[in-house]
Amino acid sequence: MKTYNEIYLQTRNILRQRGIEGYTLEAKLIVSKAAHKTVAELMRDRNLYTSDEIEERVEDYTARRLRGEPVAYISGSWEFYGLPMIVTPDVLIPRMDSEVLVDAAKEMLTGYKMDARVLDLCCGSGCLTCAIAHEMPATHFLSIDISTSALEVCRKNIALNRLNSRAICMQADALSAPPLGLGTFDMIVCNPPYIPSFDLFTLDSSVKDFEPLWALDGGKDGLKFYKAIIKNWKILLGSDGLLLFEVGEEQAEPVSEMLLSAGFSSTETRKDTIGVDRVVIGHLASSS
């Protein structure tokens, strides 16, 4: 029988030898999942002896990882903006690129509308809702997605991060007109599907074989959702409202042009860590 630490070191070495970049973190996530512990509990108990059953689960999870399955789906959890997030194959794994949108939302609301009412369209796991609501404790959120299974994950993450009093979920199609009676919002945030349909075939196998492609497919030019949302959902923004989109490479300019053509008074962008324009912000003029 081995200790947790021995199993962890063994798993880490296997992942490292197979070229897994984040082998240290991933080994901790795999062993803690198999042991039904948090990573902190695993490190606390690392010198305790484990069981054959746990060791077998670790071997199974490691084999799944080596076949390409993302560790987030194996462990069922991930971290976004410092917050714990439940993830399943029904939602995309939250990515660091989306943290730029959280930063932009905080920047836009701080000192302007600290108690903003915010709509999170195409909410998926709810990572944007949870992060912005956590950072801006007077805000209130409505999180919308077309997928009932994604909304179930979103609800769990809202509960996990103790945001039930300020965030609710609703099913609706971002490509259609909004349901009646939603009221007005100070801000809409949206990370829609934006990968051109043909490009889905070129994605890394860890993405195209495991993550939900419907949550990535932005139509022929990748801009289908931006066009529909600007056309149909702009009416929900109040005076001086803000619409924040995450965008793909080379999409910031066409999305900015769409916003200006739709009557937004100005736009601005925010770059990600590698210098790509990752967020487009549309400002709606008071007179609109």
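Author: Welcome! This is a predicted model. Its largest nonpolar core has 35 residues, and L119, L121, W233 and F245 touch the most other members. Two or more residues each come from β3 (117-121), β4 (140-145), β6 (185-190), α10 (224-233), β7 (237-246), α11 (252-261) and β9 (277-284). Of these, α10 gives the largest share, five residues.

Reader: Which residues does the second core include?

Author: That separate core has 34 residues, including M108, C130, A133 and V189.

Reader: What makes β5 and β8 edge strands?

Author: The seven strands of the open sheet run in the order β5-β4-β3-β6-β7-β9-β8, with mixed pairing. Both β5 (167-171) and β8 (264-271) pair on one side only, and that is what edge strand refers to here. From one strand to the next, the twist averages 20°.

Reader: How do you know that β8 and β9 pair?

Author: Pairing needs at least two bridges between two strands. Seven bridges join β8 to β9, so this antiparallel couple counts as paired.

Reader: Where does α11 lie?

Author: Helix α11 lies across β7, β8 and β9, and runs at about 160° to β8.

Note on methods: Residues numbered from 1 in each chain as written. Predicted model: local features only at pLDDT ≥ 70, side-chain atom pairs only at ≥ 80, totals over all residues. Heavy atoms only, no water. Core = buried A, V, L, I, M, F, W, Y, C linked by side-chain atoms within 4.5 Å. Buried < 20%, exposed > 50% of the residue type's maximum accessible area, 1.4 Å probe, protein only. Helix = DSSP H or I, 4+ residues; strand = E, 2+ residues; numbered from the N terminus. Axes fitted to C-alpha atoms, helices over the stretch in contact; angles between N-to-C directions. Contact = heavy atoms within 4.5 Å.
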